[in-house]
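Hello,

Here is the structure I promised to pass on. Please open it first, then read my notes below.

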Amino acid sequence: MLELLTLLLPVAAASGWYAAARHHGRNLSGELKDGIRRAYQAPADPAIGARADEAFHLLRQIADSSTKTLELQLALGSLFRRSGELSKAIELHERLHSQPQLTDEQQHAIRFELGMDYLSAGLLDRAENVFADLTASASHGKASLQQMLAIYQSEKDWVRAAECAQTLKKLDAGQRNTTLAHLLCEQAESAIARGETVAAQTHLQQALAEDPRCVRATLLKSRLALQRQQWAEAGVLLRSVEFQNPAFLPEVIGQLRLCHANLRDMDGYLAYLDYVYQRYRTEAAALLLADELAQREGAPAAASYLTGLLSERSSLNLIRRTLHYAGSATRIDGDCVPALRRCLTALDGLATQQPGYGCVQCGYECRELHWHCPTCRAWGTIQPAGSGVGFIGKNPATSPS
């Protein structure tokens with residue numbers, strides 16, 4: 001009995017507010033809705049969960065079918081949905097929708113809640129149909145388009161997702177649409193997989209028109225240039241990433257080696273690696289430069305170069321690579337050899353545990369580059385770790401006009 005009384009406290013408060021509203025001739029449905037939502041925002045206690053139906057039943061008695069309490073009934077339906085009672089939420093919203101003498105805005109509000117019910121139940125086709133009918137609604141059109149966009153992205157229907165994003169962009173005139181650019185890149189990747197390079201190039205040009213800083217589109221364009229063995233064009237594209245977002249330079253400097261090697265300009269490649277490290281302190285550039293020095297001049301030169309860097313900064317990878325080249329360059333006798341090998345083994349193990357990429361928006365970490373964060377669902381927020389470039393808007397480079 002005590003548990004039931006605990007559940008009925010917000011109901012009593014809501015009914016008291018409602019009685020006061022009728023007594024004073026005021027419509028306090030907004031306060032009713034807010035009060036009930038606050039009462040149910042806390043996680044449900046399993047010990048009293050069995051009594052929830054009784055509390056909902058009393059709330060239904062409070063929320064009669066008059067339009068004055070429509071917001072309260074919608075709040076009740078939302079509570080059903082959040083508590084997992086999807087069949088009850090659908091039944092309530094369908095009953096509300098069948099009522100006569102409702103305004104268009106009220107009908108749209110009910111339909112939107114019904115679409116959310118279908119979406120929560122996994123009935124994506126029904127949800128899509130409901131939201132599609134509401135796209136012209138002044139009050140719920142934008143929210144419906146956003147839900148349709150989420151549905152199409154989950155289904156990997158990139159064409160229709162891009163159409164939704166394009167419509168949303170028109171509603172937010174003047175805003176750069178990062179999402180739309182990535183959806184166009186998804187279409188480009190599909191076209192590349194089908195061998196349709198012309199269509200892929202068109203999608204990539206559109207993506208860069210939507211978002212000139214879309215690194216993904218530039219990387220895809222450079223991939224097509226490399227496939228055609230157009231080394232100079234690929235090199236220009238890869239270098240342009242610096243002006244879009246220098247945090248992604250670790251992704252391009254390795255591919256640039258192929259361009260410079262085929263153009264027989266390895267000195268230019270070494271100079272670019274040194275420039276990238278000096279300008280952005282990009283660790284990957286220093287490690288690649290050490291590898292090139294080791295091939296040209298031997299392990300002692302690489303070890304000397306990396307040892308000089310350790311005086312100004314240190315990291316797991318820099319220390320590990322320095323020990324590798326130092327161990328290759330020097331003959332060490334006695335007990336030092338096993339100790340050095342154990343250190344190298346331990347450092348190698350630590351290095352494999354480090355995440356290679358992280359989301360600058362939510363902190364999600366991963367070992368491979370993903371363009372769509374699975375945690376916060378944002379596009380283009382995952383960047384290489386250890387790039388030496390500050391995240392979230394701290395971009396020292398000037399973007400191209």
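The second largest pocket is lined by 22 residues. Those nearest its centre are Glu283, Asn317, Pro355, Gly356 and Ala385. Helix 14 (249-262), helix 16 (283-297) and helix 18 (316-329) are the elements that give two or more residues to this lining. Helix 16 gives the most, with 5 residues. The volume of the second largest pocket is about 530 Å³. Keep in mind that this is a predicted model.

Now the chain as a whole. The protein chain has 401 residues, and 42% of them count as buried. Its secondary structure comes to 19 helices and 3 strands. Take the contacts in the protein chain with a separation of 6 or more: 52% of them are between residues 24 or more positions apart. The chain exposes about 21100 Å², and carbon and sulfur atoms supply 51% of that area.

Next, helix 12. This helix covers residues 215-227, 13 residues in total. From first C-alpha to last, helix 12 reaches 18 Å, close to the 18 Å expected at 1.5 Å a residue. Helix 12 is mostly covered, with 11 of its 13 residues buried. What covers them? After helix 12 comes Gln229, with a positive phi near 60°.

Helix 11 (residues 197-210) holds His203. Is His203 buried or exposed? His203 has a relative accessible area of 18%, under the 20% cut-off, so it counts as buried. Leaving out residues up to four places away in sequence, His203 touches Leu184, Gln187 and Ala188. His203 and Leu184 are 19 residues apart in sequence, yet their C-alpha atoms are 5.5 Å apart in space.

Last, helix 17. It runs over residues 299-310 and has 12 residues. Its reach is 17 Å from first C-alpha to last, close to the expected 16 Å. Which residues of helix 17 are buried? They are Ala299, Ala302, Ala303, Tyr305, Leu306 and Leu309. Seen down the axis of helix 17, these buried residues fall within an arc of 165°, so they line one face of the helix.

Best wishes

Notes: Residues numbered from 1 in each chain as written. Predicted model: local features only at pLDDT ≥ 70, side-chain atom pairs only at ≥ 80, totals over all residues. Heavy atoms only, no water. Helix = DSSP H or I, 4+ residues; strand = E, 2+ residues; numbered from the N terminus. Buried < 20%, exposed > 50% of the residue type's maximum accessible area, 1.4 Å probe, protein only. Contact = heavy atoms within 4.5 Å. Areas by Shrake-Rupley, 256 points an atom, 1.4 Å probe, with all protein chains shown as cover. Expected span 1.5 Å × (residues − 1). Arc of directions from axis to C-beta. 1 Å grid on protein atoms, 1.4 Å probe; cavity = no way out; pocket = protein on both sides within 12 Å on 5 of 7 lines; lining within 4 Å. Points joined across faces, edges and corners; volume = space filled by probe spheres on them.
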